[in-house]
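Hi,

Here is the structure I promised to pass on to you. Have a look at it first, and then read my notes below.

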Amino acid sequence: MTDRTDVETAVADAHRRGWALVLAATARVARDLDLAEECVQEAYAAALTAWVRDGIPNNPEAWLTTTAKRRAMDAIRREQVFRSKLPLLVEPEEMVDEVAMDEQSGVESGRESGAAGSGPEGVAAAIDAGEDVVPDERLRLIFLCCHPALAQEAQLALTLRLVCGVSTADIARAFLVSESTMAARMTRAKKKIVATRIPYRVPGAAELPDRLRAVLGVIHLLFTTGHTAPSGAALVRTDLVDQALHLTRMLRDLMPDEREVRGLLALLLVTDARRATRVDDRGRLLRLEEQDRSRWDRAAMAEAHELIVAGLRGGRPGRYVVQAAIAALYAEAPTYEETDWPQIVTLYDELLVVWPSPVVALNRTVALARVAGPERALAEVEALEAAGQLAGYQYLPAVKADLLRQLDRREEAAVAYRQALELTRNDAEREFLAERIAESQAPTTS
């Protein structure tokens, strides 16, 4: 018998590290996202009992994958048996039209998906046919979820939930909607996959570019969710960050001529280069100006620099190349004060052209305050606030509070910091904002 606490820890660790791989492998057999997710959840639940009895396996992910795939195969066989016995349960004349429709549906579905057969082996063969095109299990499933027939927001949310194991609550925060709204959107997306018979197959090489934008968006949002965790005690979820970096490198190997792929890799590298310095020894969040630049990952920054230079060649760069260039300017400055603020504002202006986003406009105000002063930047933040597109986005009141603090409008700053605190679920960020509130309320010394 193994201690239950140890088993619970092992299962939680296997969920963080292996959810995507287990689900991807199961989905290849199930050919149904709902069934695959259900079987994987059952496998993790079964592990809580089996590992106490039999011990924690040497390869937990392999155990979970085998268990989930077996459950999927059993479910498919049960469905096949049910369908074969169904004519015996009703009057023959009632079945004629329905059977004819099912047979025609099966023929059309087989043509569309290229399935080799109707059983699990046929499903696996159909999906295996694309393995040479997309060699990584997780990346392959991301491409599958990012079908053009689905709205891009649905593609992003569905993939983050199913492939990356991000909670519905955290995805909802990323999209600035309620958890119930996000759950309903994902349910609709899965129903659309079934209703429109979107083929569960790996896209061919010619189809990959049409799905690239959505795939890049998924990986970037995955990284962002790990870089600053929407909830929990730790500022960073290293499992999500490392997964995003791995997927981007795989994508770069798959599509080496795509500038935006190189741009995304550069952005992730230069942003993650500061990982070791973003909190102090007790987990307190450190602002960029407080971080020890000598501890930043210079190799990652050098690799990012080469990717950015290459990405800036050959016409107007896309959003990820420009974002990477902005991040590099912040990172390569000798000190925070010596940052090239005018150039950063110029790059943000370019970014707003290729990717008009209120979040980009908000981030631009931080650099604008250094160039044109906090009052000018505050006016732009207040305009964004009035527009309402960033309602519920905790960084808007946080940026507003910082600008009010610079203008020595301390009481107003404290109010804005409290608004940001109410919207924040990450413990490290909450502690930082609480300190800011206390500083704003402290009596001034003359």
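Arginine 319 holds its charged end over the ring of tryptophan 355, 3.5 Å from the ring centre. Please keep in mind that this is a predicted model.

Next, the aromatic rings that pair with one another. A pair like this is described by how far apart the ring centres are and by the angle of the planes. The count here comes to five aromatic pairs. One of them joins tryptophan 51 and tryptophan 63, edge-to-face, at 5.4 Å centre to centre with 75° between the planes. Tryptophan 51 belongs to helix α2 (residues 33-54) and tryptophan 63 to helix α3 (residues 60-85), so this pair ties together parts that are twelve residues apart in sequence. Tryptophan 51 is buried, at a relative accessible area of 1%, whereas tryptophan 63 is partly exposed, at 26%.

Tyrosine 393 and tyrosine 395 also pair up: their ring centres are 5.3 Å apart and their planes stand at 75°, so they too are edge-to-face. Tyrosine 393 is buried, with a relative accessible area of 17%, while tyrosine 395 is partly exposed at 29%.

Now to the core. The largest nonpolar core has 132 residues, and the members that touch the most others are Leu141, Ile219 and Leu251. Helix α1 (residues 4-30) gives this core its largest share, twelve residues.

Finally, a helix to look at along its axis: α13 (residues 298-311). Its 14 residues reach 20 Å from the first C-alpha to the last, close to the 20 Å expected at 1.5 Å a residue. Which residues of α13 are buried? They are Ala300, Met301, Ala304, Leu307, Ile308 and Gly311. These cover an arc of only 125° around the axis, which puts them on the same side of α13. Behind this is a general rule: an α-helix has 3.6 residues a turn, so residues three or four places apart point the same way. The buried residues of α13 pack against α11 (238-254), α12 (259-272) and α14 (319-332). On the face turned away from that buried side you will find the exposed residues Ala299 and Glu306.

Enjoy exploring it!

Best wishes

Technical notes:
Residues are numbered from 1 along each chain as its sequence is written. This is a predicted model: local features need pLDDT of at least 70, side-chain atom pairs count only at pLDDT 80 or more; totals for chains, interfaces and linings use all residues. Side-chain values use heavy atoms; hydrogens and water are left out. A nonpolar core is a set of buried Ala, Val, Leu, Ile, Met, Phe, Trp, Tyr and Cys residues joined through side-chain atoms within 4.5 Å. Buried means under 20% relative accessible area, exposed over 50%, partly exposed in between (1.4 Å probe, protein chains only). Helices (H or I, at least four residues) and strands (E, at least two) are DSSP runs, numbered from the N terminus. Rings of Phe, Tyr and Trp (its six-membered ring) pair if their centres lie within 6.5 Å; planes under 30 degrees apart count as stacked, over 60 as edge-to-face and the rest as tilted. A charge sits over a ring if NZ of Lys or CZ of Arg is within 6 Å of the ring centre and within 35 degrees of the ring normal. The expected span of a helix is 1.5 Å times one less than its number of residues. The arc is that of the directions from the helix axis to the C-beta atoms. Contact means heavy atoms within 4.5 Å.
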